[in-house]
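Please look over the sequence and the model shown below before reading on.

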Amino acid sequence: MLRPHDNLRVDGGRLWASIMAMAEIGATAKGGSNRQTLTDLDREGRALFRRWCEAAGAGVRQDDMGCQIARRDGLNNDLPPVVVGSHLDTQPTGGKFDGVAGVLSGLELLRTLDEHGITTDHPIEVVNWTNEEGCRFAPAMLASGVYAGVFAKDFAYGRTDAEGRAFGEELARIDAVGDEPCTPRPIKAFLELHIEQGPILEAENVPIGVVTGGQGIIWLDVAIVGRESHAGTTPMDRRRDALVAAAGVVTGLRELALAHPPGVATVGELNLGLGSRNTIPGSARFTVDLRHPDAATLAQLEEGCRHLVAQESGGQHCTFTIDEVAHTPPVVFDPLCIDAVRRAAEDLGLAHREIISGAGHDAFYVARTAPTSMIFIPCKDGISHNEEESTEPNEVEAGANVLLQAVLDLARGEG
Ligand SMILES: [Zn+2]
């Protein structure tokens with residue numbers, strides 16, 4: 001059965017032009033954008049977004065974490081809004097699409113409804129979450145984290161950048177401190193459109209990823225301690241070589257992850273202290289990053305990693321310590337929101353597949369407070385956080401149409 005507005009489509013050309021215009025703010029030589037959070041350029045990008053939203057008939061307010069919230073009233077404003085959003089801040093070597101595609105698809109949704117004079121039952125809001133990237137002020141997803149109660153506002157305000165400037169001061173400096181507290185409010189559903197930042201959709205030639213959740217992440221700091229000794233005079237069987245033990249852990253972790261698909265394991269940093277060509281390494285400190293979408297399997301990966309460290313250290317007569325520095329459980333999105341995205345893709349005749357997000361997103365924190373899901377669109381070679389990040393106009397348009405139809409679906413009142 002055809003529902004009202006089933007034939008409604010976004011203006012793909014207008015959406016593309018807006019993404020290109022936003023990319024001009026902080027444009028880099030290699031075709032990307034450097035528009036880091038709470039800089040003068042971010043202020044400029046925010047002002048442009050506000051002007052665009054207001055021109056589309058939406059009021060824009062700000063919360064005390066600087067998140068911009070554009071609102072299109074519904075027929076019944078006592079109903080909780082359907083909210084979409086992502087982020088306009090970028091990495092130093094950011095692309096044009098990471099975050100921006102999601103926020104501006106939301107803008108395009110407002111424009112499309114305005115242009116056709118359509119008022120939904122539930123209000124609709126589009127959010128630009130502050131400091132998603134975390135490159136200037138760690139950690140990432142700071143504002144959505146405050147929103148979800150994961151971080152305190154004072155903690156966020158006190159975060160400093162490399163020059164020692166505090167988040168709270170910079171927020172005030174660019175006039176981004178709103179009256180509304182950044183705390184959970186009733187939300188009917190939250191949807192975030194984002195580029196995949198991975199290679200799967202492109203490789204399978206599938207335009208729409210129906211995101212069912214996100215991987216859990218465990219970060220460990222491992223220190224293996226052996227004994228420095230002379231590289232020429234210490235026989236092989238008398239050594240306590242911390243690096244040989246660490247190497248066993250690195251290769252063992254690879255096997256472990258391969259045995260638990262789609263798990264991933266990475267040793268991204270390794271420090272040998274004062275290394276020397278003719279001294280056996282006496283200590284090896286390294287990081288471990290473990291990810292899996294299933295909580296029980298993620299726990300098995302951690303268990304396996306701890307066992308590996310003990311075994312390899314023992315083999316080299318070394319001691320060891322393991323500290324867990326972060327543990328983010330897997331995110332499971334809301335079945336009704338996932339269904340709304342899948343149905344929209346189906347009704348639009350777009351090929352789609354279920355997908356798990358490998359990267360973190362604002363939607364992960366929002367999911368702790370409201371029914372949530374995400375829409376992924378392909379990006380060339382899976383490259384992101386890179387000025388060469390690229391996606392095609394028709395791919396953005398397809399994603400925005402899925403967003404539009406899913407929102408129209410979710411914004412219908414009961415009965
Ligand atoms: Zn992003």
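Helix H1 (residues 12-23) passes H3 in a right-handed crossing, where a crossing counts as right-handed if the near helix is turned clockwise from the far one by less than a right angle, and as left-handed if anticlockwise. The two helices pack at an angle of about 135°, with their axes 10 Å apart, and H1 and H3 are therefore oblique to each other. On the H1 side the contact is made by Arg14, Leu15, Ser18, Ile19 and Met22, and on the H3 side by Val100, Ala101, Leu104, Ser105, Glu108, Arg111, Thr112 and Glu115. These residues divide into six nonpolar, three polar and four charged.

This is a predicted model, in which local features need pLDDT of at least 70 and side-chain atom pairs count only at pLDDT 80 or more, while totals for chains, interfaces and linings use all residues. Residues are numbered from 1 along each chain as its sequence is written, and side-chain values use heavy atoms, with hydrogens and water left out.

Helices (H or I, at least four residues) and strands (E, at least two) are DSSP runs, numbered from the N terminus. Axes are lines fitted to C-alpha atoms, for helices over the stretch in contact, and angles run from 0 to 180 degrees between N-to-C directions. Angles under 35 degrees count as roughly parallel, over 145 as roughly antiparallel, 65 to 115 as roughly perpendicular and the rest as oblique. Contact means heavy atoms within 4.5 Å. As to residue classes, Ala, Val, Leu, Ile, Met, Phe, Trp, Tyr, Cys and Pro count as nonpolar, Asp, Glu, Lys and Arg as charged, and the others, Gly among them, as polar.

Helix H3 (residues 100-115) also meets helix H2 (residues 40-55), their axes coming within 9 Å and crossing at roughly 20°. H2 and H3 are therefore roughly parallel to each other, and H2 passes H3 in a left-handed crossing. From H2 the residues in contact are Phe49, Trp52, Cys53 and Ala55, and from H3 they are Val103, Leu104, Leu107, Leu110, Arg111 and Asp114. By class, this contact has eight nonpolar, no polar and two charged residues.

| Helix pair | Angle | Axis separation |
|---|---|---|
| H1 and H3 | about 135° | 10 Å |
| H2 and H3 | roughly 20° | within 9 Å |

Histidine 87 and aspartate 98 both lie in the loop between strand E3 (82-86) and H3, so the pair ties together parts that are eleven residues apart in sequence. Both residues are buried, a word that means under 20% relative accessible area, with exposed meaning over 50% and partly exposed in between (1.4 Å probe, protein chains only).

Two residues of one loop can be taken together. Asparagine 131 is found in the loop between strand E4 (124-128) and helix H4 (142-147), and is buried, with a relative accessible area of 0%. The residues it touches, not counting those up to four places away in sequence, include Thr37, Asp89, Phe167 and Pro139. Proline 139 is placed in the loop between E4 and H4, and a cis peptide bond joins alanine 138 to proline 139, with omega about 0°.

Aspartate 114, whose place is in helix H3, is partly exposed, with a relative accessible area of 34%. Leaving aside neighbours within four places in sequence, aspartate 114 is in contact with Ala55, Ala56, Gly57 and Arg72.
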